[in-house]
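Me: I would like to learn how to read a protein model. Please take one feature at a time.

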Amino acid sequence: MQYDLAILGSGLGGSVTALIAKQMGMNPVLIEKNSHPRFAIGESSTPQADIALASIAETYNLPRLQPLTRYGSWKETYPELNCGPKRGFTYIHHPNINDELLVAASPNGYDCDSQWYRADLDAFLVDEVKDFGIDYFENTTVELKEQDGWQLKAENFSCAANFLIDATGGANPLGISQDSLDARTNSRCIYSHFTGVTPWGELHGKKNHPYPCHDAALHHVFSGGWMYVLHFDNGISSAGFVLDCKQRPNDTWETLMDELPFIKEQFQNAKPTMPIVMAPRMQRCATQMVGDNWAMLPYAAAFLDPLHSAGNAQTLCGIERLMPILGKPAEERSELLREYQATTLHEVDVLDKIIHGCYKCFDDFTLLSSYAMLYFAGADFAERQRRSGKTVGFLTSGDSAFCALIDRFYNQVLAGALDVDALAKEITPWNLAGLCDPSKHYMYDYA
Ligand SMILES: Cc1cc2nc3c(=O)[nH]c(=O)nc-3n(C[C@H](O)[C@H](O)[C@H](O)COP(=O)(O)OP(=O)(O)OC[C@H]3O[C@@H](n4cnc5c(N)ncnc54)[C@H](O)[C@@H]3O)c2cc1C
C-alpha cells in the first residue's frame with residue numbers, strides 16, 4: 001500500500017490532520033498505537049482553539065466539525081458526546097480565597113467554549129476518519145524506515161508513504177533528541193478523573209461573578225503550584241495538581257489535600273474513576289520538528305504546562321499552518337517546513353515566558369493578576385484579529401512589539417520588580433477587552 005501521507009497518532013490532532021489531508025485530495029493513512037475510546041488529557045478548549053477548529057471546518061469543507069466549536073451547538077447536535085460548558089478562566093488564590101480573578105471568554109452559556117471529554121471527542125473524530133474512507137489502523141505499532149520515502153511495518157501490516165506526520169503527543173517514534181532543560185517552566189502533574197467533585201460555585205459562588213465560576217477552567221493557585229478543575233456534564237470532573245518541581249518535589253495528592261482545606265472541601269466526596277497519575281516533569285521540546293519529508297504537530301514536538309489551557313489551540317493553529325505546506329511542490333516545502341518549525345518554537349518560547357512568569361507570581365495575587373493579563377491580551381487580540389480576517393499568530397506571538405512587551409515584563413518578574421502600573425499602560429495597544437481596569441475588581445465580563 002502506498003500513501004501520500006502517514007499520520008502516527010489518532011488524538012484530536014492526528015484525526016483532524018487526516019480529515020484535512022483527505023479534503024486536500026491526498027491519500028492519507030492514520031495509525032494508532034492504542035484504541036478508542038480511551039482517556040486523554042487536554043480537555044479545556046479556548047476561544048483560539050474553537051476559532052481554529054471552526055476555520056478548519058469551513059476551509060476544508062468539514063461541516064460536521066462546526067457544531068463542536070460552541071458548547072450550545074455541540075449539545076444540540078451531538079448530545080451523545082460528553083462535554084461541559086466553559087465560560088472563561090477562574091483563578092482562586094489560596095489561602096485567601098476571596099482573592100479571585102475571573103476572565104469571561106464568552107457572552108453566554110450557549111455561545112461559549114467547552115470542556116472536551118476527550119474519550120468521546122477523539123472516538124467521534126476517528127469515526128469521521130473512517131466514514132471519509134481514510135484507512136485507519138489501531139492497536140498498531142509501526143517500525144519506521146526512511147528509504148525512498150517512508151516504509152512502515154507492523155505485525156500484520158506494512159505500507160509506504162511519501163510524507164510522515166508525528167501526531168503521537170510526545171511519544172517520539174522518530175527518536176528525535178529532546179531539549180527539555182531549555183524550558184524555564186519546571187513543573188509536574190498529579191491528575192485523574194473524578195466523580196463527586198462539588199462545583200466551586202456551590203461552595204463559594206458570589207453575586208459579582210460574571211459567570212458561574214466553575215463553568216470555567218478553574219485554577220486554584222497556591223504557593224509553588226496550582227490545580228485545574230474542569231467539569232463535564234456527565235458528572236465526571238478532570239482535576240490535577242501542577243507543581244513546581246523545585247518548590248514541591250515531594251508533594252502527593254494526599255499531602256496537598258491536607259495542606260489546602262478549601263480544595264479538600266471541594267473534593268470531600270470525590271472518587272477517582274481511574275488511578276491517580278503522578279507524571280514527572282512535563283516540559284519537553286524536540287531539537288528538530290521537521291525534515292524534508294516529515295513533520296511533528298506542535299504537541300508532538302513540545303509541551304510546557306497546562307496553565308491557561310493553551311495546548312489544543314496551539315495544536316490546531318499548528319495544523320492550520322502545516323497542512324497547506326503539504327499541498328506545495330516538493331521543492332518549495334523544505335523552506336516552508338523550516339518556517340513552520342521556527343514559528344512553533346517561537347510560540348513555545350513566548351508561552352514559556354508567560355507561564356513561568358505566572359509561576360513566579362503565584363505567591364502574590366496582585367502580581368499574578370497583572371502578569372496574567374499578558375496572556376489574556378495576547379489571546380484576545382489574536383482572536384479579534386482572526387475574526388476580522390487578519391493573523392497575528394498564536395497568542396499574538398507574530399507581533400514583535402507584543403513579544404518585546406512580554407520580554408520586558410518577564411524580566412521584571414525575574415528581577416522581583418514587576419511594575420503593574422507600567423504593564424497596564426503599555427499593554428494598551430493590545431488590550432481591546434478592558435483588562436487591567438481597577439474598577440472591574442478582577443471580575444472581567446465578556447467585552
Ligand atoms: C496534564 C496536561 C493537561 C493539559 N490540559 C490541557 C487543557 O486543558 N487544554 C488544552 O488545550 N491543552 C491541554 N493539554 C495539552 C493537550 O493534551 C494537547 O494539546 C492535545 O492532547 C494534543 O492532541 P494530539 O492529538 O496532538 O495528541 P494526543 O492527544 O496526545 O494524542 C496522541 C495519540 O497518539 C497515540 N500514539 C502514541 N504513540 C504512538 C505511536 N508510536 N504510534 C501511533 N500512535 C501513537 C496515542 O495513543 C494518542 O492517541 C494538556 C496536557 C497535559 C500534559
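Reply: Start with contact: two residues are in contact if their C-beta atoms, placed from the backbone, lie within 7 Å. Helices (H or I, at least four residues) and strands (E, at least two) are DSSP runs, numbered from the N terminus. This is a predicted model, in which local features need pLDDT of at least 70, side-chain atom pairs count only at pLDDT 80 or more, and totals for chains, interfaces and linings use all residues. Residues are numbered from 1 along each chain as its sequence is written.

Me: What covers the buried residues of helix 4?
Reply: The cover includes helix 1 (12-23), strand 2 (28-31), strand 6 (113-116) and strand 7 (135-137). A residue is buried if 20 or more other C-beta atoms lie within 10 Å of its own, exposed if 12 or fewer, and partly exposed in between; C-beta atoms are placed from the backbone.

Me: Which residues in helix 4 are buried?
Reply: An α-helix has 3.6 residues a turn, so residues three or four places apart point the same way. In helix 4 the buried residues are Arg-118, Leu-121, Asp-122, Phe-124, Leu-125, Val-126 and Val-129. After helix 4 comes Gly-133, with a positive phi near 75 degrees.

Me: How many Å should helix 4 span?
Reply: The expected span of a helix is 1.5 Å times one less than its number of residues. Helix 4 (residues 118-131) has 14 residues, so it should span 20 Å; its end C-alpha atoms are 19 Å apart, which agrees.

Me: Is strand 13 buried or exposed?
Reply: In a regular strand the side chains alternate between the two faces of the sheet. Strand 13 (residues 225-231) is covered on both faces: Gly-225, Met-227, Val-229 and His-231 are buried on one side, and Trp-226, Tyr-228 and Leu-230 on the other. Since 7 of its 7 residues are buried, strand 13 is largely enclosed by the rest of the structure.

Me: Which strands pair with strand 13?
Reply: Two strands pair if DSSP finds at least two bridges between them. Strand 12 (residues 216-222) pairs with strand 13 in the antiparallel sense over 5 bridges. Strand 14 (residues 236-244) also runs antiparallel to strand 13, joined by 7 bridges. Trp-226 stands opposite Val-221 in strand 12, and has Val-242 as its bridge partner in strand 14.

Me: Where are the glycines with positive phi in these hairpins?
Reply: The hairpin of strand 12 and strand 13 has 2 residues between the strands, and Gly-224 there takes a positive phi near 85 degrees. With 4 residues between strand 13 and strand 14, that hairpin has Gly-235 at a positive phi near 90 degrees.

Me: Which residues other than glycine have a positive phi?
Reply: Thr-396 is one of them, with phi near 60 degrees, in the loop between helix 12 (373-387) and helix 13 (400-414). Thr-396 counts as buried because it has 25 C-beta neighbours inside 10 Å. Cys-436 also has a positive phi, about 60 degrees, and is found in the loop between helix 14 (420-426) and strand 21 (443-444).

Me: Where are cis peptide bonds found?
Reply: One runs from His-36 to Pro-37, with omega near -5 degrees. Pro-37 lies in the loop between strand 2 and helix 2 (47-59). Another joins His-94 and Pro-95, with omega about 10 degrees.
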